[in-house]
Amino acid sequence: RVCFDGEVSSDHTYASAKNFYIGSAKCIWNVVSGLLAVLCMILTVGTGSVEWLHAAEELMHRPGFDPKVHFTDTWPADEKIWSSVWPHARGRLGIFHWLKRITKTLRKNHKFFGQAVKALSDVIFWMDPGDFKAVLLALENGFFKKNHSFYKFSKAEIKEMEELGQIYARYSEFIRRYTYSDPDVILNALATWEE
């Protein structure tokens, strides 16, 4: 049986493929369930559909695998391919790629860029409050490095990092992050725009 909740995400990664030295493979194509179980992972030469199509078709033959929602970085460009491979899956652009497409349109040197990206992120994600508080305490108590040595951050420095959304960006490995449901994202967005 497949560790599967009806949602899947497929994507390519180049960074992890560097750990493999097999022929001309340059990237990894993988499929992960909404429960974060790796359902399929193959080494590929590139990102074209010819590289991963057979693996996606084979995945459909697994008992219990029939995705209802599929998140990918190429939606809606590859809609025809995906609807022929996983016909019951509703395709969606993955949240990371959706955010990336939006932030690419913003001027990175604008004085409110960091605040705007943080506000957008806050509409979609929430951080585990206990983890976040633990990171703030660790910053205050000097358990993180700045310029290669341990450093006690002041409350003002921490507040500035928090306002610019830099705490999660710098210390994400210590903070669990969750995604709001679709209706909550809409409500959060409306509340943000009303402010």
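A nonpolar core is a set of buried residues of the kinds Ala, Val, Leu, Ile, Met, Phe, Trp, Tyr and Cys, joined through side-chain atoms within 4.5 Å. Keep that in mind as we walk through this structure, which is a predicted model.

## The cores

Let us start on the inside. The largest nonpolar core holds 17 residues, and those with the most contacts inside it are Trp29, Val31, Leu39, Ala56, Leu59, Trp82 and Trp86. Which elements build this core? At least two of its residues come from each of strand 2 (27-33), strand 3 (38-44), helix 1 (49-60) and helix 2 (79-85). Helix 1 gives the largest share of this core, with four residues. Apart from this core lies another one, of twelve residues, including Leu139, Ile158, Ile167 and Ile175.

How many cavities of 30 Å³ or more does a search of the whole structure find? The search finds one. The volume of the largest cavity is about 40 Å³, and its lining consists of His70, Trp75, Trp82, Ser83, Trp86, Ala89, Arg90 and Gly91. Helix 2 and strand 5 (90-93) are the elements that give two or more residues to this lining. Sorted by class, the lining of the largest cavity has four nonpolar, three polar and one charged residues.

## Two open spaces

Now turn to the pockets.

| Pocket | Volume | Lining residues | Nearest its centre |
|---|---|---|---|
| Largest pocket | about 1,300 Å³ | 33 residues | Phe71, Gly94, Ile95, Phe96 and Thr179 |
| Second largest pocket | about 550 Å³ | 23 residues | Val117, Ser121, Gly165, Tyr168 and Arg177 |

Take the largest pocket to begin with. Strand 1 provides the largest share of the lining of the largest pocket, namely five residues. In terms of class, this lining has 17 nonpolar, ten polar and six charged residues.

What about the second largest pocket? Two or more residues of its lining come from each of helix 3, helix 4, strand 6 (125-127) and helix 7 (166-171). Which element gives the largest share of the lining of the second largest pocket? Helix 4 does, with seven residues. The lining of the second largest pocket divides into 13 nonpolar, five polar and five charged residues.

## The cysteines

A search of the whole structure finds zero disulfides. Why are cysteine 27 and cysteine 40 not counted as a disulfide? A disulfide needs two cysteine sulfur atoms within 2.5 Å, and the cysteine sulfur nearest to that of cysteine 27 belongs to cysteine 40, 13 Å away. Is cysteine 27 buried or exposed? Cysteine 27 counts as buried because its relative accessibility is 0%, under the limit of 20%. Cysteine 40, at 14% relative accessibility, counts as buried too.

Most residues other than glycine have a negative phi, and most peptide bonds are trans.

Tryptophan 75 and proline 76 are joined by a cis peptide bond, with omega of about 5°. Proline 76 sits in the loop between strand 4 and helix 2.

Next come the phi angles. Although asparagine 147 is not a glycine, its phi is positive, at about 55°. Asparagine 147 belongs to the loop between strand 7 (144-146) and strand 8 (149-151). Histidine 148 is not a glycine either, and it has a positive phi of about 70°; histidine 148 is also placed in the loop between strand 7 and strand 8.

Are these two residues buried or exposed? Asparagine 147 is exposed because its relative accessible area of 67% is over the 50% limit. Histidine 148 is exposed as well, with a relative accessible area of 78%.

Definitions and conventions. Residues are numbered from 1 along each chain as its sequence is written. This is a predicted model: local features need pLDDT of at least 70, side-chain atom pairs count only at pLDDT 80 or more; totals for chains, interfaces and linings use all residues. Side-chain values use heavy atoms; hydrogens and water are left out. Buried means under 20% relative accessible area, exposed over 50%, partly exposed in between (1.4 Å probe, protein chains only). On a 1 Å grid over the protein atoms alone, a cavity is a set of points where a 1.4 Å probe fits but cannot get out, and a pocket is an open set with protein on both sides within 12 Å along at least five of seven lines; lining residues have an atom within 4 Å of a point. Grid points are joined across faces, edges and corners, and a volume is the space filled by probe spheres set on the points. Ala, Val, Leu, Ile, Met, Phe, Trp, Tyr, Cys and Pro count as nonpolar, Asp, Glu, Lys and Arg as charged, and the others, Gly among them, as polar.
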